[in-house]
Amino acid sequence: ANIADVTIQVQAGQEFHNAGDVQLRDAKGSILATLPGVAYPERLKSAILEARNARVQNDAALAQINARK
């Protein structure tokens, strides 16, 4: 599945504990997966988006290398 965005939903009681539900979304905005009750969800969101961006760059570089063959 291709992750296009990561959103955070804070439920009642989670804000006090600095937690939230992390939702992975596709390009259409549909929820691919929900990770409930994640502590410091902004950190996880950042890590997921950085990994996604690295994968996109890697795939583009690989496609360019394969086009040279």
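Predicted model: local features only at pLDDT ≥ 70, side-chain atom pairs only at ≥ 80, totals over all residues.
Residues are numbered from 1 along each chain as its sequence is written. Local features need pLDDT of at least 70, side-chain atom pairs count only at pLDDT 80 or more, totals for chains, interfaces and linings use all residues, and side-chain values use heavy atoms, without hydrogens and water.

**Exercise 1. Work out the surroundings of Asp21.**

Step 1. Asp21 lies in strand E2, residues 19-25. Strands (E, at least two residues) and helices (H or I, at least four) are DSSP runs, numbered from the N terminus.

Step 2. Look for a charge partner. Asp21 is buried but has no salt bridge. Buried means under 20% relative accessible area, exposed over 50%, partly exposed in between (1.4 Å probe, protein chains only). A salt bridge needs a side-chain nitrogen of Lys or Arg within 4 Å of a carboxyl oxygen of Asp or Glu. The nearest side chain of opposite charge is Arg25, 10 Å away. Lys and Arg count as positive, Asp and Glu as negative; His and the chain ends are not counted.

Step 3. Check the backbone. The Asp21 side chain reaches the backbone nitrogen of Gly37 at 2.8 Å.

Step 4. List contacts (heavy atoms within 4.5 Å). Beyond four places in sequence, Asp21 touches residues including Thr7, Gln9, Thr34 and Gly37.

**Exercise 2. Is Val38 buried or exposed?**

Step 1. Val38 belongs to strand E3, residues 31-39.

Step 2. Its relative accessibility is 16%, so Val38 counts as buried.

Step 3. Leaving aside neighbours within four places in sequence, Val38 contacts Asn18, Ala19, Gly20, Val22 and Leu44.

Step 4. His17 is 21 residues from Val38 in sequence, and their C-alpha atoms are 9.7 Å apart.

**Exercise 3. Which side chains meet in a salt bridge?**

Step 1. The count is 1 salt bridge.

Step 2. Arg55 and Asp59 form a salt bridge, at 3.2 Å from N to O.

Step 3. These residues are 4 apart in H1, so about one helical turn separates them.

Step 4. Arg55 is exposed at 56% relative accessibility. Asp59 is partly exposed at 37%.

Definitions and conventions:
Polar contact = N/O pair within 3.5 Å; in protein donor to acceptor, adjacent residues only side chain to side chain.
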